[in-house]
Amino acid sequence: MYQNYSNMKLNLFATIVLGLYLFLLSGCSNTNNRQLELALQTAGNNRQQLEKVIQHYQGDKQKEDAARFLIRNMLGKYYLEGNRIDKFHQFIDSTYRIEQEEYDQQTINNTYRTNNKHQQDDAKQQADLQQLNANFLITQIDAAFQVWQRPWNKHLSFDEFCEWILPYRIGNELPEIWREEYYNAFSGLLTDSILTTRDACIAINNELIKLPIHVFNDFPKPADIKPSSLIHIKFGLCGDYTNLAIYAMRSVGIPVTTGSIPHWGHSNNSHAFNLLYDEDGNYYDFAGGEHHPGDHLKRFDGIPKVYQKTFSIQQTSLVMTNTSKEEIPAFFKNPFMKDITDHFPAIHLQTVSIPLNRTCHNKYAYLCVFDPQGWFPVDWGKISDKKVTFNHIGPDIIYQVNSYEDNSLQPLSSPFVVDSTGKVTIFECRREKEDLYLERKYREPKHLEAIPPAFVGGRFQGSDYADFRIAEDLYTFTEAPSFKYTTIEVNPKKSYKYYRYQSSPNLRGNMAELEFYDTNSQQILKGEIIGTDNTSIYNPHATKYNVFDGDPLTFFHTRDSMSWAGLALSKPAHINKIRYIIRNDDNGIRKGNLYELFYIDESGAWASAGKQTAEQDELLIYKQIPQGTLYWLRNYTRGKEERIFTYEKGKQVWW
């Protein structure tokens with residue numbers, strides 16, 4: 001879904017670049033004038049509306065220049081229309097009207113997908129240049145100027161004002177007159193005692209922090225949420241909360257925009273956050289409604305590069321400076337972004353010069369991080385003397401240098417890592433081989449790391465009574481369990497009709513799978529599922545039935561500690577072992593699943609070590625695999641989370 005809209009945007013970018021090149025050839029002397037003329041030509045029948053804005057401000061040079069800035073940078077700006085978009089906004093508005101303590105992501109996503117019969121309808125792309133009228137732009141410009149020259153933004157030059165306060169849109173949301181509504185909601189928070197940009201930002205952000213913060217990790221939205229909806233936000237992606245903060249801050253003249261990490265170095269996604277531009281020309285990262293300036297990115301590692309999303313076309317971007325016929329990756333076809341990594345020295349930025357392992361006739365090479373869909377470019381450099389230099393990159397991340405040939409990235413180096421001291425380690429495929437004992441396809445889940453220690457004090461019990469008022473403790477957790485399937489031996493004093501797991505006083509369920517084995521038949525016992533029914537509002541689908549559904553990814557989670565789930569058998573039975581797995585990310589090896597191991601070969605490309613069907617849970621053995629290189633284990637049966645690893649001292653080391 002997102003790829004389709006991304007392609008739409010990149011097609012617009014291509015139009016921008018082609019048009020500007022034609023204007024370059026025309027001999028016009030001023031870049032801004034060339035860009036403005038191209039924008040007016042692109043406007044077609046709407047040209048008169050745009051010229052009307054410029055004429056409206058004749059005699060007021062600053063506002064006229066502001067109008068010219070907006071119009072020439074409207075190239076590539078668009079929104080979407082159609083049944084699909086209308087239904088999406090109707091769904092968002094209706095859902096945001098619901099007041100509740102927590103919002104169920106699974107139900108919301110499924111409801112939207114199920115009920116939106118227009119989901120696959122084509123959305124029509126509407127260019128701002130061809131649709132926005134003079135009144136819209138004049139209203140936006142006047143409102144922006146009304147909040148300039150305040151204590152928290154008087155440091156802004158005119159050009160900085162145009163970039164940080166003036167823009168009427170952020171992404172591809174429906175264009176709306178939004179400033180007045182947001183100004184009325186937030187301007188009263190800025191008292192006379194607030195004199196600095198940072199203090200003004202904190203004052204507004206403190207109000208945003210009071211709003212519900214329910215950041216979904218996935219939502220099937222076809223376009224950005226419009227500002228009149230966002231002000232009532234109940235849930236959204238990190239980018240939605242970022243946009244909300246921008247609308248709120250800009251409405252009162254606080255210079256805020258979007259920062260982005262195009263791809264994490266240690267995981268498989270990207271990240272959007274807010275940037276504040278202060279009196280000293282410094283950038284401060286923050287998360288609207290969550291973290292204050294300077295208190296966001298320090299919570300993360302694995303940051304390869306940081307970019308600023310701009311309203312204006314960046315003339316120094318690769319897509320604008322690439323005068324050759326050399327094709328470039330899609331990410332760098334975006335002229336509305338600016339590399340600002342050097343503003344974040346806390347990342348311990350490094351500069352590396354990497355020798356290429358083959359001859360390449362291209363002008364550019366790309367610094368890439370791993371993604372299961374293919375290496376992802378995060379930086380570019382010019383090839384010189386069979387090497388390429390990259391500046392201001394994050395340390396302790398595995399990178400690979402690639403060229404872009406035949407519409408795909410091709411390796412130019414072995415994978416490497418640079419540490420915080422500048423030391424570069426290259427991972428080269430060696431002739432020596434060893435057996436690899438693999439337990440996972442992805443690192444252990446950090447977001448669940450607090451769960452295993454909380455299991456201490458939990459127990460398995462047998463009883464003659466359904467309420468376990470008299471029960472025998474069969475096993476008590478005295479140390480943190482792992483995220484693996486685990487089998488324990490037990491020896492009850494007698495046969496029982498009821499067996500259960502009861503969580504500790506520090507835990508609310510969090511068991512994923514549970515099996516009780518009959519002593520005589522060694523079969524898994526079946527029975528009526530019993531236990532605690534007050535399911536957690538944060539995981540309303542995490543019922544007691546999940547403990548016995550055969551799926552290690554589902555789990556049991558309740559509102560209260562010492563909750564329990566178990567079985568009521570048809571008649572008493574004696575057990576001698578219990579097999580369980582606690583709440584986990586289901587990235588361990590699973591019996592019966594089909595896997596394929598890849599490694600980076602001498603050329604820098606992925607080579608297959610063969611496919612295997614796992615014969616047991618939690619272990620997969622690959623015989624005689626080349627040492628010293630980078631590995632990637634794929635599961636073709638289930639799941640999508642996969643990461644690269646090295647193999648050191650008989651263990652997987654995750655990157």
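Two strands count as paired here if DSSP finds at least two bridges between them. I begin my notebook with that rule, and I note that the model I am reading is a predicted one.

**Entry 1, a hairpin.** I looked up strand 4 (residues 271-277) and strand 5 (residues 283-286), which run antiparallel and are joined by four bridges. Within this pairing I found that L276 has Y284 of strand 5 as its bridge partner. Five residues lie between the two strands of the hairpin, and in this hairpin G281 takes a positive phi near 80°.

Most residues other than glycine have a negative phi. I therefore wrote down the residues that depart from this pattern. One of them is H392, whose phi is near 55°; H392 is found in strand 11 (residues 387-393), and with a relative accessibility of 35% it counts as partly exposed. D406 also has a positive phi, near 55°, but its place is the loop between strand 12 (398-405) and strand 13 (408-411). Is D406 buried or exposed? At 77% relative accessibility D406 counts as exposed, because the cut-off for that class is over 50%.

The C-alpha atom of G374 is 9.4 Å from that of S408, although 34 residues separate the two along the chain. H557 lies in another loop, between strand 22 (528-531) and strand 23 (564-573). H557 counts as buried, because its relative accessibility of 12% is under 20%. What does H557 touch, leaving out residues up to four places away in sequence? I listed R508, N510, T535, S536, N539, A542 and R583 as the residues in contact with H557.

In helix 3 (residues 47-56) I found that the buried residues are L50, V53 and I54. They lie on the same side of helix 3, because the arc they cover around the axis is only 95°. This made me recall that an α-helix has 3.6 residues a turn, so residues three or four places apart point the same way. The buried residues of helix 3 pack against helix 2 (31-43), helix 4 (61-72), helix 7 (128-131) and helix 8 (134-146).

I looked next at helix 5 (residues 83-96) and helix 6 (residues 105-115), which pack at an angle of about 145° with their axes 11 Å apart, in a right-handed crossing. Helix 5 contributes R84, F88, F91 and T95 to the contact, and helix 6 contributes I108, T111 and Y112. Sorted by class, the residues of this contact are four nonpolar, two polar and one charged.

My last entry concerns an open sheet of five strands, which pair antiparallel in the order 26-25-28-29-30. Which strands stand at the edges? They are strand 26 (606-613) and strand 30 (651-654), and each has a single partner strand, so one side of each is left without a neighbour in the sheet. From one strand to the next the twist averages 35°. I also followed strand 25 (residues 594-600), which six bridges join to strand 26 in an antiparallel run, and there I saw Y595 standing opposite Q612 of strand 26.

Terms used. Residues numbered from 1 in each chain as written. Predicted model: local features only at pLDDT ≥ 70, side-chain atom pairs only at ≥ 80, totals over all residues. Heavy atoms only, no water. Axes fitted to C-alpha atoms, helices over the stretch in contact; angles between N-to-C directions. Left-handed = near helix turned anticlockwise from the far one by under 90°. Contact = heavy atoms within 4.5 Å. Nonpolar A, V, L, I, M, F, W, Y, C, P; charged D, E, K, R; others polar. Buried < 20%, exposed > 50% of the residue type's maximum accessible area, 1.4 Å probe, protein only. Arc of directions from axis to C-beta.
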